[in-house]
Amino acid sequence: MGAPTWDEFAELALARVRRSGVEYGDIRIQRSVTGHVRGEDGRIASVRDAEDGGFGVRVLYHGAWGFAASSVLSLEDVPRVADLAVELAKHAASIATEKVRLVEEPVYRDRVVTAVRIDPYTVPLEKKTGLLLETMETLHGRPDIVRSTAEIWWCRDRKRFQSTEGTVLDFDLSAVNGSLSATALFNGRFATRSFNLPYLRQGYELIEETRWSEEAIRVAREAVEKVRAPAVADGVYDLVLDPEHLSLTIHESCGHPSELDRALGYEANYAGTSFLTPEKRGTFRFGSPHVTLVADNTEPGTLAATGYDDDGVACQTWDIVREGVFVGYCTNREVAPKIGETRSRGSNRADGWGSVPIVRIANIGLEPGEQTLDRLIADVKRGIYIEGHGSYSIDQRRYNFQFGGDAFWLIENGRRTRMLRDVIYHGITPEFWNSCDGVADRSFRRRYGFITCGKGQPVQSGWMTHAASPALFRRVHVIRGGEES
Amino acid sequence: MSLSASNPWPKMTSRDEFRFLADVIFSRSSGDHTVVTLHDERAGTTRFADNRVIQNVDTRRGLLTATVSFGRRHGTASTTDFTAGAVQDMVARAERIARAAPEDPEYLPPPDPQPFPVRETAREETIADGPVRRHEYANEAMSLCRMENLMAAGIVSSSVASVGVAADNGLFGCETRTKAQFSLTVQAGDGTGETGATGWSAAAHRSIDHLKIQERTLAAIDKAKRSREARDLPPGDYPVVLEPAAVAGLWSWLIWTLDAKSYEKGTSPFAGQLGSRIVDKRLTLSNVPNHADLFGVGFTSEGLPSEPSQWIEDGRLKQLAYDRFTAHTHGIKSIPTLESPVLSVKGASFGNVRELLKQIDRAVLVTNFWYIRSVNLRDLTLTGMTRDGTFLVENGHVVCPVKNFRFHESPLRVFQDVGVATVPTEAVTPEAGKMLVPAMALPRFHFSSVTRF
């Protein structure tokens, strides 16, 4: 007799919780493999191959949740963990003042597989380390470069979701990424420039299609230019933000406020709440008419496009902000009915078998406009073009933010001229988005993914992608980051 | 109803079992050296918001990691499956990587075997009563808030972990570590919009007996009630009184940037300042792993012992955080660690913030900072927001709440000149962990903007 199958483990757990009288139960069984090759300062500093497997059982008993999980997938542990989940739910129910009610969702039986052309595990390690060593050698080709990094990361999640409602979903999801950076030293000052792949759900082809050598030459050159560049002068500037930079701005100032659990106070003790409170939906002017932010968890290759979320709800597309007006939230089956919605948006995700799913930001992207990037820049008299991610911070209700970037260029009389350093801009979220005066067209649209979005207690890492074309913002307050010369 | 009694959890990996697992791995490995680490943890959290439990979770995760080396080539693999086949496969994966990896010029064989200090890293009451107490404590905090017509959001969590490190040269350490945490945000008013007020308090300890639920809850309630109808103050430079959590938030960044490799490469905010005064001469930063209120350990995951050490003495930078290779190149044999930080101000005698405030003519009192990030690593300029209790103090008294500020400051500037301070006190923040630090008055602190609440 062979080892029990995931089917059998799932049936065992769900039969057990059904007998306990729960109104809802689900199990997620997952086995993930993650590979990471990390280069630092011209050497391969580490090569890691991690396997992480286990299962989690979630139940709703008398309107209260219980969740238990274990890395020991065995005939002894599955019933024990299922019983513990029920017991935890009973404890919660004993002091519940309000019952959780889940909105309806059709029952599904499906299998979701990431389209992968080249399996990262079939690529010899020597090829990966060789690529990173060559990249770092190129970065160090300039004498001012004193530090470098280059890395490749990939993962594959095989997962079963099965619920007492009859939904059975199998997932075989992959993702890949890579990055490089160079730090230049000049006159006791240092500055780092980086290049990041966009974290996509595809195979090693993402790595192979990247021109690492060209990017390394550019990054090293720009790191040297950055460290020698003049610091920005405090003032009011027009900003043109590139898609990678905008992905973080969207994430922090639109993504998190649009999570309905935050707006309802679930995250008040850690990640925070949201200024986008439910009464604002449909009327609040979040941004200018140029600003339409769409959640799309169906776009192939993006991180949140997993077919179904961890409630077993099918992925969807919906508006968060339409022509400047706040219209929609990211929801799950629990919180959707609290604002009168009859279906979840399918944004409930856990970061693994050991975590309970929570509302997560969807793949929220800024809809393209109709101008070229040159046209956007031509319309700026005194401004700054910002690329990439730098410093970022925002208050717990998502009003007051401050962002840096990875690289900055002065715009003078409609032309991008020389580099600047230490650019920091700050503002109040709706005022900032209302200052948007144009978005470049679809041909400039790029996607960037996040895998370290922290939320929940215990903290979980969320995965999502934000797409944008470059956008122009008028009269933004810019200050110099740091005081040294 | 007792969770622990009705659903006993399988025991965690014992010291003997880890030794057995490690020996099995060593016998299967053909590497020149093999290092094994263990982290087998059971952790549970009762999470509440809007005065009701929203999550009640319990997870057990065992993790074994093996690093195999051939000469200077090394590879690392890990697994959560402790069955014989999976462990064998982990060793094979680590070996495959090590054989194919390029030589690492910074590779060092595992540290020599040495006895590790034995510390009280585990408390039986946390192991035995954690699951039940989590629930009781959450209920207690919510009940106190309900009585005041306030909303509670927070967590009570507890965990027990078997943690080990072993190498085929005889290095061996294994200890049980427990942790209990309480964190509470009390909301007065809507709590989410522009008028809502919040108060916060937190605790963390090896013993679940030491979370002081009632005291901490009342402190958070008091802050929330006092925070109603916050007044606008313009941004600018203010004298401040930072409560311990706020001090810990800034000092955690200072500690994280003490790494020796960056120092050596010239990419550290401390470049060239080892031995020099970097902060007020009354400040001393130490590692005190034996302190009963801190999370001291016997050894690190690299197999290094945790010992008492001084990092900043009378304001002078005495110590950097060395990786093993950089330490080796400098001939440093004993590498200090800093997992149990204690920051003290010489001559400080105030027992608590209330006593300290009596000395203050005018200042902004900061309960905590949030979302602290570096703006410029060259001078360690940081930004972040005040959170969950920001007040104006005049003539020794809190006179009103003020709207939250964004700061734009470097701890290397503001801690040059420290005013009155308390004795080191427990400080727990979600971003900085736990330290013992004083509350302290600083004559100048730059707030660059204000938010709407």
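Two residues are in contact if their C-beta atoms, placed from the backbone, lie within 7 Å. The structure is a predicted model, in which local features need pLDDT of at least 70 and side-chain atom pairs count only at pLDDT 80 or more, while totals for chains, interfaces and linings use all residues. Residues are numbered from 1 along each chain as its sequence is written, and chains are lettered from A and ligands numbered from 1 in the order in which they are written.

The contact between the two chains draws 76 residues from chain A and 72 residues from chain B. On the side of chain B that touches chain A, strand S2 (residues 52–70) of chain B gives the most, with eleven residues. Helices (H or I, at least four residues) and strands (E, at least two) are DSSP runs, numbered from the N terminus. This side of chain B consists of 22 nonpolar, 33 polar and 17 charged residues. Here Ala, Val, Leu, Ile, Met, Phe, Trp, Tyr, Cys and Pro count as nonpolar, Asp, Glu, Lys and Arg as charged, and the others, Gly among them, as polar.

S2(B) also pairs with strand S3 (residues 64–70) of chain A, in the parallel sense and over four bridges; two strands pair if DSSP finds at least two bridges between them. Within this pairing, Ala69(A) has Thr59(B) as its bridge partner in S2(B).

## Strand pairing in chain A

Strand S6 (residues 168–186) of chain A is joined in the parallel sense to strand S4 (residues 109–113) of chain A, over five bridges. Asp110(A) stands opposite Leu169(A) of S6(A). With strand S5 (residues 145–163) of chain A, S6(A) pairs in the antiparallel sense over 17 bridges, and Arg147(A) stands opposite Thr183(A) in S6(A). S5(A) and S6(A) form a hairpin with four residues between them, and Gly166(A) in that turn has a positive phi of about 110°.

Phe186(A) has Arg189(A) as its bridge partner in S7(A). These two strands, S6(A) and S7(A), form a hairpin with two residues between them, where Asn187(A) in the turn has a positive phi of about 55°.

## Domains of chain B

Chain B is divided into domain 1 (3–224) and domain 2 (230–453), with bounds that come from an automatic or database domain assignment. The centres of the two domains, taken over C-alpha atoms, are separated by 25 Å. Their contact takes 31 residues from domain 1 of chain B and 27 residues from domain 2 of chain B.

On the side of domain 1 that touches domain 2, strand S4 (151–167), strand S5 (172–188) and strand S6 (197–205) of chain B each supply at least two residues. S6(B) gives the most to this side, with eight residues. The residues of this side of domain 1 divide into 14 nonpolar, nine polar and eight charged.

## Overall form of chain B

The secondary structure of chain B comprises ten helices and 18 strands. Its C-alpha atoms fill a box of roughly 70 × 60 × 35 Å along the principal axes. For 453 residues, a compact globule would have a radius of gyration near 22 Å, and the 24 Å of chain B agrees with this. The radius is taken over C-alpha atoms, and the globule rule is 2.2 Å times the number of residues to the power 0.38.

Of the 453 residues of chain B, 55% count as buried; a residue is buried if 20 or more other C-beta atoms, placed from the backbone, lie within 10 Å of its own. Among contacts in chain B with a separation of 6 or more, 74% are between residues 24 or more positions apart.

Methods. Buried ≥ 20, exposed ≤ 12 C-beta atoms within 10 Å, placed from the backbone.
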